[in-house]
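Have the viewer open as you read.

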Amino acid sequence: KYTVEYSRNVLERLSRNVEVKREEIGKVVLDTIENLSINKDVLLMISAYFKRKDDYLFVHAVNTMTIALAIGGYLGYTEEELEHVGMGALLHDIGLVHLADGNEERKEHPEVGFKIVKNTLSNVHPVVTNIILQHHERKDGSGFPFGLKEGEILKEAMIVGVAEVFDRLTSPRGEGRRGSSFEAMKFILSNTKDKFDPKVVEALMRVMVIYPLGTLIRLNTGEIGRVAASTPNPFRPKVNIMFDKYGRPLEKIVRIDLSEELAYRLYIAEVLDESAYDLDLSQEITA
């Protein structure tokens, strides 16, 4: 929460063209890099759960930065390169903050943000400003504001573009429900050929929790359970099965490791809405 409030203060000042020192933004980024190096899984899990409808742009900025830094770290970026990625990610929607509008389709906001940072933030690296300008560009030329194509888009901007899409798809907006990490990843994978860098998408798959612990799921067999632990394969976690294929509660919870060879016929077919089921949490805890 402190990071979001600190970032909110910095971003609001910057959006009003109040001069901000580069070190103020760098502090948020460097703290996140350090925390990721200590416990990446916990920080990314917090990022996945820390979704508030209010203050969306500021939470989105911090989450996008965290995910982008994790991707950059996986891709082998140096600390200096990660600092540029993190700053660009944190500031990517500064144009929307200035416009007081959370609508990502406002096609002028990358240019607005670019001009604000260029004119207000001293000694800013070109990678940072180009991330702000290009984070909505897509490799098939369908993005904005310039319709750039593959080879014309900065790699760091592609990283932030994927990170911000993932966070946006898993964040609550208005009255709509929050999408699952699996649904977000499925959308990104289905668009990788035309819109996203496949190496960046692969890195996202490796660093993000596709099925956060506690996610209620249905297997292709119809059995219902909850994600209990991760495995090296982000799409095949360990699950606790609580209901049979007819929806009847099991007398004893059954643990299945979907990554094991014996479970190759099983897969997660659907992420379920928790509120639609009468679940006994005490039984799960003691299982």
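## Helices α3 and α4

α3 passes α4 in a right-handed crossing, meaning that the near helix is turned clockwise from the far one by less than a right angle. Helices here are DSSP runs (H or I, at least four residues), numbered from the N terminus. The axes of α3 and α4 (residues 79-90) cross at roughly 155° and come within 8 Å; axes are lines fitted to C-alpha atoms over the stretch in contact, with angles from 0 to 180 degrees between N-to-C directions. That makes α3 roughly antiparallel to α4, the label for angles over 145 degrees.

On the α3 side, the residues that meet α4 include Ala61, Met65, Ala68 and Leu69, and their partners in α4 include Leu82, Val85 and Leu90. Contact means heavy atoms within 4.5 Å.

## The nonpolar cores

The largest nonpolar core has 70 residues, and Ile25, Ile71, Leu91 and Leu204 have the most contacts inside it. Such a core is a set of buried Ala, Val, Leu, Ile, Met, Phe, Trp, Tyr and Cys residues joined through side-chain atoms within 4.5 Å, where buried means under 20% relative accessible area with a 1.4 Å probe, protein chains only. Helix α3 (residues 56-74) gives the most to this core, with 12 residues.

Apart from it lies another core, of six residues, including Leu216 and Ile253.

## About the model

This is a predicted model: local features need pLDDT of at least 70, side-chain atom pairs count only at pLDDT 80 or more, and totals for chains, interfaces and linings use all residues. Residues are numbered from 1 along each chain as its sequence is written, and side-chain values use heavy atoms, leaving out hydrogens and water.

Definitions and conventions:
Buried < 20%, exposed > 50% of the residue type's maximum accessible area, 1.4 Å probe, protein only. Helix = DSSP H or I, 4+ residues; strand = E, 2+ residues; numbered from the N terminus. Parallel < 35°, antiparallel > 145°, perpendicular 65-115°, else oblique.
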